[in-house]
Amino acid sequence: MKRRKLLQELGSVMILLVAIIILFHWYTTQNRERMVERNKNYATDSAEIKATQVNEEFKNALNLIATYAYFVGESLTEPEITSQILKEMESHSLFDALLFASADGIDHASDGRTFDVSGSEFFIDVMSGDNGTAVIFDCHFFNETMVCFYAPILYEGKIIGVLRGAYLAEEYLQSMIS
């Protein structure tokens, strides 16, 4: 009789232990799925926030170069941008470099170097009056990819060239992502 009662109690304990193990397994599976879903939501939200920040950064840079171009155009006494003007602007600029391409398609750096960009997409866009953004992979003045923001410079209502604010892509994108 004692043995039978002991076996019944032992059987009850075993059934209870199996039920606990099953419930624990079910709980951990549900918890893991919930955590995966939370992580997906967190990653989506983080990516959306970062994309919004990058978009705002690009809009701000485009507005900034348009403002620079406007004030440069308004301050000119003749339709010419010299490397000295570029150097002075660059020293106070938020961009890594400022470049000016004259109406004939010659790009000027602040150190006096020049390069023909008359066939470049950004140059063609600006000469038709557009502002914009371009990624230049094979930059002729720097040994790395640049993210450029460009706007036309007007002198007496006529486009005399392109002002570009350039960020060295690796450093710029790294700072935006971090």
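Analyst: **Fold and aromatic pairs**

Four helices and six strands make up the protein, where helices (H or I, at least four residues) and strands (E, at least two) are DSSP runs numbered from the N terminus. Their order along the sequence is α-α-β-β-β-α-β-β-β-α. The radius of gyration is 32 Å, well over the 16 Å that the globule rule gives for 178 residues, so the protein is more spread out than a compact globule; the radius is taken over C-alpha atoms, and the rule is 2.2 Å times the number of residues to the power 0.38. The C-alpha trace spans about 115 × 30 × 30 Å along its principal axes.

The model is predicted: local features need pLDDT of at least 70 and side-chain atom pairs count only at pLDDT 80 or more, while totals for chains, interfaces and linings use all residues. Residues are numbered from 1 along each chain as its sequence is written, and side-chain values use heavy atoms, with hydrogens and water left out.

Of the 178 residues, 30% are buried (under 20% relative accessible area; exposed means over 50%, partly exposed in between; 1.4 Å probe, protein chains only). Among contacts between residues at least 6 apart in sequence, 55% join residues at least 24 apart, a contact being heavy atoms within 4.5 Å.

Turning to the rings, a search of the whole structure finds seven aromatic pairs. Rings of Phe, Tyr and Trp (its six-membered ring) pair if their centres lie within 6.5 Å; planes under 30 degrees apart count as stacked, over 60 as edge-to-face and the rest as tilted. One of the pairs is edge-to-face, because the rings of Phe58 and Phe149 have their planes at 80 degrees, with centres 5.4 Å apart. This pair links distant parts of the chain, 91 residues apart: Phe58 belongs to helix H1 (residues 2-75) and Phe149 to strand E5 (residues 146-155). Phe58 is partly exposed at a relative accessible area of 25%, whereas Phe149 is buried at 0% relative accessibility.

Another aromatic pair, Phe122 and Tyr150, is tilted, with 5.9 Å from centre to centre and 50 degrees between the planes. Phe122 lies in helix H3 (residues 121-127) and Tyr150 in strand E5, so this pair ties together parts 28 residues apart in sequence. Phe122 is buried, with a relative accessible area of 5%, and Tyr150 is buried as well, at 3% relative accessibility.

Phe58 and Phe149 also belong to one aromatic cluster, together with Tyr68, Phe95 and Tyr167.
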